[in-house]
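Take a look at the sequence and the model, then read on.

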Amino acid sequence: MTTVPNLILNNGVEIPQLGFGVFLVEPEETRRAVITALEVGYRHIDTAQMYGNEKEVGQAIAEFGLDRSEVFVTSKLNNNKIGFDAALTAVDGSLDALGIEQIDLFLIHWPLATVRDFVETWKAFERIYADGRARAIGVSNFQVAHLERLLGETDIVPAVNQIEAHPYLTQEGLLAFNAEHGIATEAWSPLGRGAVLEDPVIVKIAKEHNKSPAQAVLRWHVQHGNIIFPKSVTPARVRENFEIFDFELSTDEMDQVSGLNRDQRIGPDPDTFAMIPG
Ligand code: NAD
């Protein structure tokens with residue numbers, strides 16, 4: 001039976017280091033996908049208001065029947081709900097959709113620094129935390145300059161920064177900044193949405209451990225201390241992505257994977273991204 005380690009966030013809250021992500025999972029497919037993940041043993045689900053599937057995530061968790069405290073649920077504020085008042089109201093939308101009274105982790109999805117001042121939104125997050133509507137609060141896609149502003153102008157240090165990170169975008173500077181300030185790093189698109197899986201270095205390391213390339217990459221993240229939630233709707237892959245705690249990469253293998261960095265993004269650049277969905 002695989003046991004997923006828990007990491008401890010800067011406010012003492014525990015989070016399973018491996019979870020299941022549901023970006024681009026259609027609402028009709030989400031219930032089944034989340035139930036499959038819970039059956040495999042995942043106890044951490046990463047969703048967002050923007051994904052349009054919070055309701056189905058909540059239904060799957062309720063239907064599966066575990067005690068609420070046994071599943072860690074993250075959601076993220078939609079980009080069109082930034083600002084103090086809008087954010088304060090929007091969190092209730094997530095709680096309603098998920099059918100829960102407290103969210104485990106609530107994140108500002110994007111800094112959108114060219115659109116509006118995220119400090120104002122973060123102050124709403126501090127209120128949400130103080131009210132007990134979230135057990136932990138954090139940010140996503142924040143760069144060092146964004147974090148420096150938050151650290152300088154607000155009271156609560158984000159518990160996590162969820163950023164794009166994989167072997168082609170290792171983000172060493174940002175990871176070091178997060179660690180230095182007690183902010184846990186969550187790596188989104190941990191598999192580079194599949195782009196890194198045919199890399200010969202990764203294929204070779206995986207073979208040496210009798211593991212798949214996806215498992216080798218996920219293991220690299222885990223040994224880096226990253227929190228990850230790979231996405232798949234294929235049950236065999238959901239299981240495969242869970243079986244990463246029974247082998248270990250050597251220091252040399254870790255360095256080889258890190259050496260693949262090309263600073264290559266799949267997603268948008270957080271410094272310029274300004275999309276506000278309707
Ligand atoms: P990912 O790196 O998890 O890749 C997912 C894709 O990889 C799948 O669609 C599948 O095609 C493939 N895959 C998965 N498991 C595999 C396996 N074992 N073998 C071969 N191929 C496999 O990318 P993602 O879905 O973009 O990211 C994961 C999660 O991160 C999302 O579901 C979401 O929760 C989160 N996310 C957050 C943000 C953000 O802005 N905060 C952005 C994107 C994603």
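## The loop between H7 and H8

Asn210 is found in the loop between H7 and H8; helices (H or I, at least four residues) and strands (E, at least two) are DSSP runs, numbered from the N terminus. This is a predicted model, in which local features need pLDDT of at least 70 and side-chain atom pairs count only at pLDDT 80 or more, while totals for chains, interfaces and linings use all residues. Residues are numbered from 1 along each chain as its sequence is written, and side-chain values use heavy atoms, with hydrogens and water left out.

Although Asn210 is not a glycine, its phi is positive, at about 60°. Is Asn210 buried or exposed? Asn210 is exposed, because its relative accessible area is 73%; exposed means over 50%, buried under 20%, and partly exposed in between (1.4 Å probe, protein chains only). Lys211 is in the loop between helix H7 (200-208) and helix H8 (213-224) as well, but Lys211 has 17% relative accessibility and so counts as buried. The side chain of Lys211 reaches the backbone oxygen of Glu243 at 3.0 Å. That is a polar contact, meaning a pair of N or O atoms within 3.5 Å; within protein, one must be able to donate a hydrogen and the other to accept it, and residues adjacent in sequence count only if both atoms are side-chain atoms.

## Around the ligand

How many residues surround the ligand? There are 27, and the closest are Asp46, Ser189, Leu191, Arg193 and Asn241; a residue is near a molecule if one of its heavy atoms lies within 4 Å of it. The shell divides into eleven nonpolar, ten polar and six charged residues. Here Ala, Val, Leu, Ile, Met, Phe, Trp, Tyr, Cys and Pro count as nonpolar, Asp, Glu, Lys and Arg as charged, and the others, Gly among them, as polar.

From the side chain of Asp46, an N or O atom is 2.7 Å from an oxygen atom of the ligand. Ser140 places a polar side-chain atom 2.8 Å from a ligand nitrogen atom, and Lys231 has a backbone N or O atom 3.1 Å from a ligand oxygen atom. Of the 830 Å² of accessible area that the ligand has on its own, the protein covers 90%; these areas come from the Shrake-Rupley method with a 1.4 Å probe.

## Two buried loop residues

Pro190 sits in the loop between strand E9 (184-188) and H7. With 5% relative accessibility, Pro190 counts as buried. Pro190 and His166 are 24 residues apart in sequence, and their C-alpha atoms are 5.0 Å apart in space.

His109 belongs to the loop between strand E6 (103-108) and helix H4 (118-131). His109 counts as buried because its relative accessibility is 6%. Between His109 and Val160 the separation is 51 residues in sequence and 12 Å in space, C-alpha to C-alpha.

## Toward the two ends

Asn6 lies in strand E1 (residues 6-8), and its relative accessibility of 40% makes it partly exposed. Asn6 and Val257 are 251 residues apart in sequence and 24 Å apart in space, C-alpha to C-alpha.

Asp263 lies in the segment after helix H10 (251-258). Asp263 is a residue other than glycine with a positive phi, near 50°. With a relative accessible area of 57%, Asp263 is exposed.
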